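Student: Could we go through this protein together, one contact at a time?
Tutor: Gladly, let's have a look.

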Amino acid sequence: MTSPTPITLAVDCMGGDHGPRVTLAACRHFLSTHPDARLLLVGRAEALAGFTDARADVVAATEVVEMDDALEVALRKKKDSSMRVAIELVRDGKASAAISAGNTGALMAIARYVLKTMEGIDRPAIAGQMPNFKGGGTTMLDLGANVDCTPEHLLQFAVMGSALVSVLQDKPNPTVGLLNIGEEAIKGNEIIKKTGELLRYAASSGDLTFYGNVEGNDIFKGTVDIVVCDGFVGNVALKASEGLATMIGGFLKTEFSRNIFTKIAALFAYPVLSAFKDRVDHRRYNGAALLGLRGLVFKSHGSADEVAFETALNRAYDASRNQLLDRVRERIAHAAPLLMGAQADRAEPAVTPV
């Protein structure tokens, strides 16, 4: 569904390893390819002074959340940071989504504090894409926001991930896989086994399409559209994927500089490896959604270059244009009886003081 009004995005231009040098260049190119978009560029006025475009406005912020700032500093002390101001623009209805390449923990904490969590969701999750051999991306969540998860949390992630993929990839019934040490339902720890039961029940009630358990190699094979796991495992998988692309890039650079035999071998292998490197290039999949909040927030990789940051802008734009927030709410509302039932089963009985 196409929105009749321009899509306005709030951009934290100061975040990430490179700041305005990368974010402004990406914003400039994004505007040239999206005539119905507007940008609110948030940051220190002097750093953004050189940017001029009829569809971009500068919103001043006097502080910056550094990559190594503690959560307490980012949340409580830097109340006029570019990250927080961008998220507040979403809260106030002035922007459809916020995008930042800044500190991930700070972004999640500030977004959760400013926007609050959706009804029916205990914890927001980070959902991003991992490249697969089918030439597309496998959506995976959580990628690091929640290290310890209950089966109920993983069920909520599956419901929200289904909404995300249905919107951004135009798949009404995306398949969900539960990451495990084997495909059999009897494998895994008690949390995974209980999650499998909840996901099978959710599938029977029409809340999602559950494929079953999947293993790590299924992420890259593209066996399912969505892979659900806790944030510890998800973040390790994400970093491993990024490391693979870096390793291949390094190989392509170094092998041509060795002896004559490695040069000849590299010459023949170069076309295949180069094509593979392009396929797994994490810049093509940059822009993770913070799902479960009452507003859209997208996280760009901190080391993103212009291409990668623009990819994050594109994902935020597509999510806004296709009304992702409403889709997530609809999915959560449909699954509410199941989610509330799971929460009730989890609740501990009250203890009477003696």
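Student: Which residues does G137 touch, not counting residues up to four places away in sequence?
Tutor: Contact here means heavy atoms within 4.5 Å. Leaving out residues up to four places away in sequence, G137 touches Q129, M130, P131, N132, Q169 and Y285.

Student: Before we go on, what kind of model is this?
Tutor: Residues are numbered from 1 along each chain as its sequence is written, and side-chain values use heavy atoms, with hydrogens and water left out. Local features need pLDDT of at least 70, side-chain atom pairs count only at pLDDT 80 or more, and totals for chains, interfaces and linings use all residues, since the model is predicted.

Student: Is G137 buried or exposed?
Tutor: G137 lies in strand β6 (residues 137-141); strands (E, at least two residues) and helices (H or I, at least four) are DSSP runs, numbered from the N terminus. Buried means under 20% relative accessible area, exposed over 50%, and partly exposed in between (1.4 Å probe, protein chains only). With a relative accessible area of 14%, G137 is buried.

Student: How are the rings of F30 and Y317 arranged as an aromatic pair?
Tutor: Rings of Phe, Tyr and Trp (its six-membered ring) pair if their centres lie within 6.5 Å; planes under 30 degrees apart count as stacked, over 60 as edge-to-face and the rest as tilted. A search of the whole structure finds 1 aromatic pair. For F30 and Y317 the distance is 6.0 Å centre to centre, with 75 degrees between the planes, and the pair is edge-to-face.

Student: Which helices hold F30 and Y317?
Tutor: F30 is buried at 0% relative accessibility, and Y317 is buried too, with a relative accessible area of 7%. The pair links distant parts of the chain, 287 residues apart: F30 is in helix α1 (residues 20-33) and Y317 in helix α11 (residues 306-321).

Student: Which charged end sits over the ring of Y113 at 4.7 Å from its centre?
Tutor: A charge sits over a ring if NZ of Lys or CZ of Arg is within 6 Å of the ring centre and within 35 degrees of the ring normal. The charged end of R76 sits over the ring of Y113, 5.3 Å from its centre. The one at 4.7 Å belongs to K116.

Student: How far apart are the closest N and O atoms of R38 and D57?
Tutor: A salt bridge is a side-chain nitrogen of Lys or Arg within 4 Å of a carboxyl oxygen of Asp or Glu, and the structure holds 10 of them. One of these joins R38 and D57, and the closest N and O atoms are apart by 2.6 Å. The pair links distant parts of the chain, with R38 in strand β2 (residues 37-43) and D57 in strand β3 (residues 56-60).

Student: Is D225 buried or exposed?
Tutor: K171 counts as partly exposed at 33% relative accessibility. D225, at 14%, counts as buried.
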